[in-house]
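I'm opening my notebook on a new structure today. I'll jot down each thing as I look it up.

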Amino acid sequence: RLDVDRKVAIGESGREEAYDAAVIATGSYPFVPPIAGKDLEGVFVYRTIDDLERIVAYRESRGAKKAAVIGGGLLGLEAAKALSDLGLATSILEYAPILMCRQIDEGGHAALVSKVEELGLQVKCGARVASFEAGEDGSVAKVTYSNEDWADDDVDIVVVSAGIRPRDEVARASGLEVHERGGVQVDDSMRTSSPDVFAVGEVALHRGKIYGLVAPGYAQAEVAVERCLDALFSDFETEATFEGADMSTKLKLLG
């Protein structure tokens, strides 16, 4: 944590390091909705190389053939294509009425669904997932829905890609202003409620928004660096600000 009054960073061991300016860049963790059965064997998140390696190992050890991805955002679509490339018949289950609802409209959704389905993936939007059910061996075997007239889906693997939550524990422990739903509050200079502490990336809440893309994180970091230099050196002046970012992106795995 940070002792912002003394301007000292304190590690778990109690070791202290003084600072003139500090940047919190603790990132985020995958959000898993409170779906019954979310802790069953065979239910994974998809965020790191380690996550992917665990999925590959599970598929190989179980001879898995069917998968479902919970979430039709950018990372969910990438996960679905990765599962398909592993030879799994894969469905994308999205709560919203369209895919990638933060980036595209209904017209873009129609074009995207056409492309996704050409790749052999199934898309189900408006999906109200009720539970993950276990098979005889205790591992995940079925996805159930609360949608009227929707049949259950048999699955061997479930991958949850339902967004992120900021890792703001350090900021909370330091007494910085944190939004009730998570995220360190920052202004356009990426400054927190403590004038010598900045936050960037997926832990930073800027104008009510957390950016889950790498490009805005880089832009925020550039502003924070300039503001730190401005605070540290009397001959360095800047008015650098971050005022938001373009949310367009490229689906690399989908082509």
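My entries below go from the sheet to a helix, then to a serine and the cysteines.

**Ground rules.** I'm working from a predicted model, in which local features need pLDDT of at least 70, side-chain atom pairs count only at pLDDT 80 or more, and totals for chains, interfaces and linings use all residues. Residues are numbered from 1 along each chain as its sequence is written, and side-chain values use heavy atoms, with hydrogens and water left out.

**The sheet.** I looked up helices (H or I, at least four residues) and strands (E, at least two), which are DSSP runs numbered from the N terminus. Two strands pair if DSSP finds at least two bridges between them. I found an open sheet of five strands with parallel pairing, in the order β6-β13-β7-β8-β9. At its edges sit β6 (43-45) and β9 (122-125), each pairing on one side only. I then followed β6 to its partner β13 (residues 157-160): they run parallel and share three bridges. Across from Phe44 I found Val159 in β13.

**Helix α2.** How far apart are the end C-alpha atoms of α2? They are 17 Å apart, which agrees with the 16 Å that its 12 residues (74-85) should span at 1.5 Å a residue. That expected span is 1.5 Å times one less than the number of residues.

Next I checked burial, where buried means under 20% relative accessible area, exposed over 50%, and partly exposed in between (1.4 Å probe, protein chains only). In α2, I noted Gly76, Leu77, Glu78, Ala79, Ala80, Lys81, Ala82 and Leu83 as buried. Contact means heavy atoms within 4.5 Å. The buried residues of α2 pack against α1 (49-62), β7 (66-70), β8 (89-94), α3 (106-118) and β13. After α2 comes Gly87, which has a positive phi, near 90°.

**Ser161.** I found Ser161 in the loop between β13 and β14 (164-166). Is Ser161 buried or exposed? Its relative accessibility is 12%, so it counts as buried. Leaving out residues up to four places away in sequence, Ser161 touches Val69, Ile70, Gly71, Leu75 and Gly76. With Gly76 I also noted a distance: a polar atom of the Ser161 side chain lies 3.2 Å from the Gly76 backbone nitrogen.

**Cysteines.** How many disulfides does the structure hold? I counted zero, taking a disulfide as a pair of cysteine sulfur atoms within 2.5 Å. For Cys125, the nearest cysteine sulfur belongs to Cys101, 9.2 Å away. Last, I looked up Cys228, which is buried at a relative accessible area of 11%.

Notes: A polar contact is a pair of N or O atoms within 3.5 Å; within protein, one must be able to donate a hydrogen and the other to accept it, and residues adjacent in sequence count only if both atoms are side-chain atoms.
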